Amino acid sequence: LCADIWEMIGIIPGKFWQICWAVISPIFLLFIVVCLLALPMETKLFNYTYPYWTKVVGNFLGLSSIIWVPVYMVYKIIILPGTLQERISRSITPERSFTVSSTEFVH
């Protein structure tokens, strides 16, 4: 991740930002998703309370955009060779599919 930031802006982010991106942000996001699913709020507009099925549809729509990240990670853990620890380590490491040279953009 830091190499990608360095390529974009030319400096390596400090330890604070590295910890935020790697640990704090994922924990907060997981906490928010779990709380939204475990403690659903009452959906109400003026005096009309929306039916339960609308909450279910809304949750499915919200989850449909974020569920693919953990699904892909589990898929990678299953198909990669090696021990469980090696597979987990490789599944959370960014994949390098191509490299763009900085001289390609100079005209």
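Buried here means under 20% relative accessible area, exposed means over 50%, and partly exposed covers what lies in between, using a 1.4 Å probe and protein chains only. The model is predicted, so to speak of local features a pLDDT of at least 70 is needed, side-chain atom pairs count only at pLDDT 80 or more, and totals for chains, interfaces and linings use all residues. Residues are numbered from 1 along each chain as its sequence is written, and side-chain values use heavy atoms, with hydrogens and water left out.

On the overall layout, the protein has 5 helices and 2 strands, where helices (H or I, at least four residues) and strands (E, at least two) are DSSP runs numbered from the N terminus. Read from the N terminus on, the elements go α-α-β-β-α-α-α. Of the 107 residues in the protein, buried ones make up 7%. Taking a contact as heavy atoms within 4.5 Å, 15% of the contacts between residues at least 6 apart in sequence join residues at least 24 apart.

Back to Gly14, which sits in the loop between helix H1 (2-9) and helix H2 (15-38). Gly14 and Cys2 are 12 residues apart in sequence, and their C-alpha atoms are 9.2 Å apart in space.

The other loop residue to look at is Phe46, found between strand E1 (44-45) and strand E2 (48-49). Most residues other than glycine have a negative phi. Phe46, though not a glycine, has a positive phi of about 55°. Phe46 also counts as exposed, because its relative accessible area is 74%.

As for the cysteines, the structure holds 0 disulfides, a disulfide being a pair of cysteine sulfur atoms within 2.5 Å. Cys20 counts as buried because its relative accessibility is 12%, while Cys35, at 26%, counts as partly exposed.

Now for the helix pair H4 and H5. The axes of H4 (residues 68-79) and H5 (residues 84-91) come within 9 Å and cross at roughly 140°. These axes are lines fitted to C-alpha atoms, for helices over the stretch in contact, and angles run from 0 to 180 degrees between N-to-C directions. H4 and H5 are therefore oblique to each other; angles under 35 degrees count as roughly parallel, over 145 as roughly antiparallel, 65 to 115 as roughly perpendicular and the rest as oblique. The contact is made by Met73, Lys76, Ile77 and Ile78 on the H4 side, and by Leu84, Arg87, Ile88 and Ser91 on the H5 side. Sorted by class, that contact has 5 nonpolar, 1 polar and 2 charged residues (Ala, Val, Leu, Ile, Met, Phe, Trp, Tyr, Cys and Pro count as nonpolar, Asp, Glu, Lys and Arg as charged, and the others, Gly among them, as polar).

Lys76 of H4 counts as buried because its relative accessibility is 15%. Leaving aside residues up to four places away in sequence, Lys76 touches Ser91 and Glu95.
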